[in-house]
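Colleague: I am new to this structure and would like to go through it with you step by step. Could you show it to me before I begin with my questions?

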Amino acid sequence: MKPMENIRVVELSTMLAGPMTARILAEWGADVVKVESVNGDAWRKQAGTTLSPCTKDANPNFDVQNMNKRFVCLNLRTEAGRDAMMKLLSGADIFITNYRVQALEPMGLTYEQLKETFPRLIHASVLGYGSEGPESSRPGYDYTVFFARTGLMADLAPAGGPPLIPVGGIGDHSVAVALSGGIAAALYKRSVTGEGDKVDVSLLQAGTFINCTGILNGFNGRKLPRDRYDCGHAGSNTYQGSDGEWFYLAIIDYRRFPEFCQVIGMPEIAADPRFSTSDVYYENRGELTRILDKKFAEQPVSYWHELLDTHDLPHEVLHHFKDVPYDPQVQANHYTYFHEYSDGTKTVFSNGPVHFGSIDPSAIPCRISGSIGRDTDEVLKEIGYTDEQIHAMHQSEEIK
């Protein structure tokens, strides 16, 4: 049995964070029914964001957030569409949405509107700026809230340069991981009390939490953004080899500094009065970084990687996005896998962020999204609609 087998999820969300939350639950075994408007999730048409192909049969940019779901199309502006939504929720354990309260209220889908009718339902929301405060109703994206508002975009960039250019989805997917955990906790509470709960995670909340170390730096007066020579210490910094590639050195424990100096052929550094105690070592981090810059520029990164690995000194080569799908360690753990669509389009997908002993990571299903409303008829029959009723609803454009 998978961890969330026999759990029914109804998802009413668009773009990234809400859909990815539901996709994670689907991977854990939940039956996820995604409800879309007649125009569909806007993310269906955003393939260019990742330079992904988008054909009649293949839409990997959309599928990565929406695999292993069933797709229902309801016109929630009609009474019949809203009635069908309520029937779906009557058999659901979890409702996931990223719609703002002002959009949910006319449809009767806020937590306050649903909690008495469906007391066991877990109402899970993705928010931008949180549920309280003067900006609670503002629209938010991971670029604007998770990156810009939390300092990540400004203070992670090198000093003197433009702001950081983020990759789409990092904030959204951070929210999805957190919200999935919150939903699981609410399900456990319900198993004890019989009562549902309200669970929400905002982009501002996730960014503030993930950036808690950076916030401490700012609070304690560190000048940001900074360059490589204003690092925490020279043993925790990036260095460039003679081939132009980079690696990250992570000699975090000062007690290993003399050993490190011996390994790279510079034992005299450990005895240098500028670096011979931990206090002066931290104080003179810029000078030591410049010394190590010259040393590491003598050989390619592959040389340093082999040398440091041989002596079990922590470091890592800076890889590129294009390298990750083929990384032997990534492949050994089934963190990514390759997929070919029926029309021959090829792509790579990332598996979810958790492994369970009950789920074989090499055998996780990959059911792609298909068209808007692909499973509408099937799902409506499950909740009691007849063929005649479904046909009539299609004719009146209450469903698709």
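Colleague: Which residue forms a salt bridge with E27?

Modeller: A word on the basis comes before the answer: this is a predicted model, in which local features need pLDDT of at least 70 and side-chain atom pairs count only at pLDDT 80 or more, while totals for chains, interfaces and linings use all residues. Residues are numbered from 1 along each chain as its sequence is written, and side-chain values use heavy atoms, with hydrogens and water left out. A salt bridge is a side-chain nitrogen of Lys or Arg within 4 Å of a carboxyl oxygen of Asp or Glu, and here the closest N and O atoms are 3.0 Å apart. The partner of E27 in this salt bridge is R23.

Colleague: In which helix do E27 and R23 lie?

Modeller: Helices are DSSP runs of H or I with at least four residues and strands are runs of E with at least two, numbered from the N terminus. E27 and R23 are four residues apart, about one turn of the helix, and both are buried (under 20% relative accessible area, whereas exposed is over 50% and partly exposed lies in between, with a 1.4 Å probe and protein chains only). The helix that holds both, residues 17-27, is α1.

Colleague: Is R44 buried or exposed?

Modeller: R44 forms a salt bridge with E36, with 2.8 Å between the closest N and O atoms. E36 has a relative accessible area of 2% and is therefore buried. R44 has 12% relative accessibility, so R44 too counts as buried.

Colleague: Why does R274 count as partly exposed?

Modeller: R274 forms a salt bridge with D272, and their closest N and O atoms are 2.8 Å apart. D272 counts as buried because its relative accessibility is 18%. R274 counts as partly exposed because its relative accessibility is 33%.

Colleague: How many salt bridges does the structure hold?

Modeller: Beyond the pairs above, some residues are linked in a network of salt bridges, namely R8, D31, R70, E378 and E382. For the structure, the number of salt bridges is 27.

Colleague: What is the relative accessible area of K69?

Modeller: K69 is placed in the loop between α2 (60-66) and β3 (70-73). Leaving aside residues up to four places away in sequence, K69 touches several residues, including E11, R23, K34 and D375, where contact means heavy atoms within 4.5 Å. K69 is buried, because its relative accessible area is 0%.

Colleague: How far apart are the C-alpha atoms of G161 and D227?

Modeller: G161 is found in the loop between α7 and α8, and counts as partly exposed because its relative accessibility is 41%. G161 and D227 are 66 residues apart along the chain, and the separation of their C-alpha atoms is 9.8 Å.

Colleague: Which strands stand at the edges of the open sheet of three strands?

Modeller: The order in this sheet is β7-β8-β9, with antiparallel pairing, and two strands pair if DSSP finds at least two bridges between them. Each edge strand has a single partner strand, so one side of each is left without a neighbour in the sheet, and these strands are β7 (236-240) and β9 (315-317).

Colleague: Which residue in β8 stands opposite Y239?

Modeller: β7 and β8 (residues 246-250) pair in the antiparallel sense over five bridges. The residue of β8 that stands opposite Y239 is F247.
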